[in-house]
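Have the viewer open and follow along.

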Amino acid sequence: MPVQQMLPHPLDRGNLPMMHRVPFMVQPDFRIYEMNRRLQQWTEDTDNLWWDAFGTEFFEDDATLTVTFCLEDGMKQYTVSRTLIPRYFRSLFEGGVVEVYFVLKHSKESFHNTAIMLDCDQAITVTHHTRPVFTKVLTEGRLILEFTFDDMMRIRIWHFAIRQHCELIPRSLLAMRQQDPGLAEQLSQNITRQGLTNYTLNFLRLCVILEPMQELMSRHKAYGLTPCDCLKTTLFQKWQKMVAPPEANRQPSKRRKRKYTVGSNGSSNGMSTNASRQKRTPEPQSFNPVLGDVMIVGEPTLMGGEFGDKDERLIARLENVQFDPNDQESNIDSIEPQRNRVPVCGSGSVSYTSENQNIQQLRQRSRPCSSSLTAREQWNQEKSVQQQTAKDFCHLGREDGRLVTR
């Protein structure tokens, strides 16, 4: 799509509604006109800052400039990076040029995604020389430009393919040819090669050599090393990148965190020491840790609970609803000396020898004579003694503030 149909004319922008106005963008050939005006401001006192501002105004940070032409020894193509583009235009003036501008005829514009392409098959670079005599040089070729599609519209690609050139001198110099025979021979020789001065050609040849050496020059400027040391350091670093494995590209392994929780069904129903040891989590025998992995074992929680918001353990509490604290308090005195030896849930395996002896003593005290009771009454008596003993132990657990299970 042509750019003229896509962009509004500058005079018609005021007629557009306020909500539908777009940023004003100039035509690509108008940017070349602005470049010509900027180059006309050149003077002999122009410094490097002026050229840096010129490059920043008209060229992108990753721009390239390519010049293609044919000499006696074949086709030549030179490409200049963004840092050396201002030096290229500066070499034109340092080679004897006092004025330079570009003329575009029948250019074609097109829009491609985020860039505007300008293709001119009849582009002419006009340069005025004063040495050795005043000469006007016309360099004709094809110019291909790529602009960024934004408000600045800076050049990203500059490709100028030179086809031919011609040199024009004033007719007044021909009348002087009869008076000075040496001037005639001087006027018959060209002062440029394919429209480029010898100074500019030498600069393009140096760019081919200096472009790969920018890393060495920046290292010399930063660290103050000798050229030989800069070359050794650069080659050694490139050799390391080629030989060393790409370890930096490997993603670091994530930490694995494991939590081992203890179930709520502990060894509370009179389990022995061997049974409690068998329920412990066995250690994996065929586990080979991978280098670089860090495994963190979580702290075991109490009775299957998790930590609270304030890093506090949650302790479950079980109550015996069948317990009557007002009944049978006389048996507490006989069990009081053995309070500290009552097992606590979660404390591991504890011997029950002292408690069993107390139970047998209570049974013997309360058991009546077998000759005076029937079999059913004897069975009821033994059952009541067992229930009373269990209630005594539960009462002892509540008195001591600990949970006791039998």
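Is Q194 buried or exposed? Q194 is buried, with a relative accessible area of 19%, where buried means under 20%, exposed over 50% and partly exposed in between (1.4 Å probe, protein chains only). Before going on, some housekeeping: this is a predicted model, in which local features need pLDDT of at least 70 and side-chain atom pairs count only at pLDDT 80 or more, while totals for chains, interfaces and linings use all residues. Residues are numbered from 1 along each chain as its sequence is written, and side-chain values use heavy atoms, with hydrogens and water left out.

Back to Q194, then. Its phi is near 60°, a positive value in a residue other than glycine. You'll find Q194 in the loop between α6 (181–187) and α7; helices (H or I, at least four residues) and strands (E, at least two) are DSSP runs, numbered from the N terminus. H106 also has a positive phi, of about 55°, although it is not a glycine. H106 sits in the loop between β3 and β4 (108–112), and at 69% relative accessibility it counts as exposed. While you're checking backbone torsions, look at the peptide bond from R131 to P132, which is cis, with omega near 0°. P132 belongs to the loop between β5 (115–129) and β6 (135–148).

Now for α4. Of its 10 residues, 7 are buried, so α4 is largely enclosed by the rest of the structure. Those buried residues are I85, P86, Y88, F89, S91, L92 and F93. Their cover includes α2 (28–40), α3, β1 (59–71), β2 (74–80), β3 (97–105) and α7 (198–210). After α4 comes G96, with a positive phi near 115°.

Helix α3 (residues 48–58) and helix α4 (residues 85–94) have axes that come within 9 Å and cross at roughly 125°; axes are lines fitted to C-alpha atoms, for helices over the stretch in contact, and angles run from 0 to 180 degrees between N-to-C directions. That angle makes α3 oblique to α4, given that under 35 degrees counts as roughly parallel, over 145 as roughly antiparallel, 65 to 115 as roughly perpendicular and the rest as oblique. On the α3 side the contact (heavy atoms within 4.5 Å) is made by N48, W51, F54 and G55, and on the α4 side by P86, F89, R90 and F93. By class, this contact of α3 with α4 has 5 nonpolar, 2 polar and 1 charged residues. Here Ala, Val, Leu, Ile, Met, Phe, Trp, Tyr, Cys and Pro count as nonpolar, Asp, Glu, Lys and Arg as charged, and the others, Gly among them, as polar.

Next, helix α8 (residues 214–223) packs with helix α9 (residues 227–243) at an angle of about 120°, with their axes 9 Å apart. The two are therefore oblique to each other. E215, L216, R219 and H220 of α8 meet C230, L231, T233, T234, Q237 and K238 of α9. That contact of α8 with α9 has 3 nonpolar, 4 polar and 3 charged residues.

Finally, the cysteines. How many disulfides does a search of the whole structure find? It finds 0, a disulfide being a pair of cysteine sulfur atoms within 2.5 Å. C120 is buried, with a relative accessible area of 0%, whereas C166, at 34% relative accessibility, counts as partly exposed.
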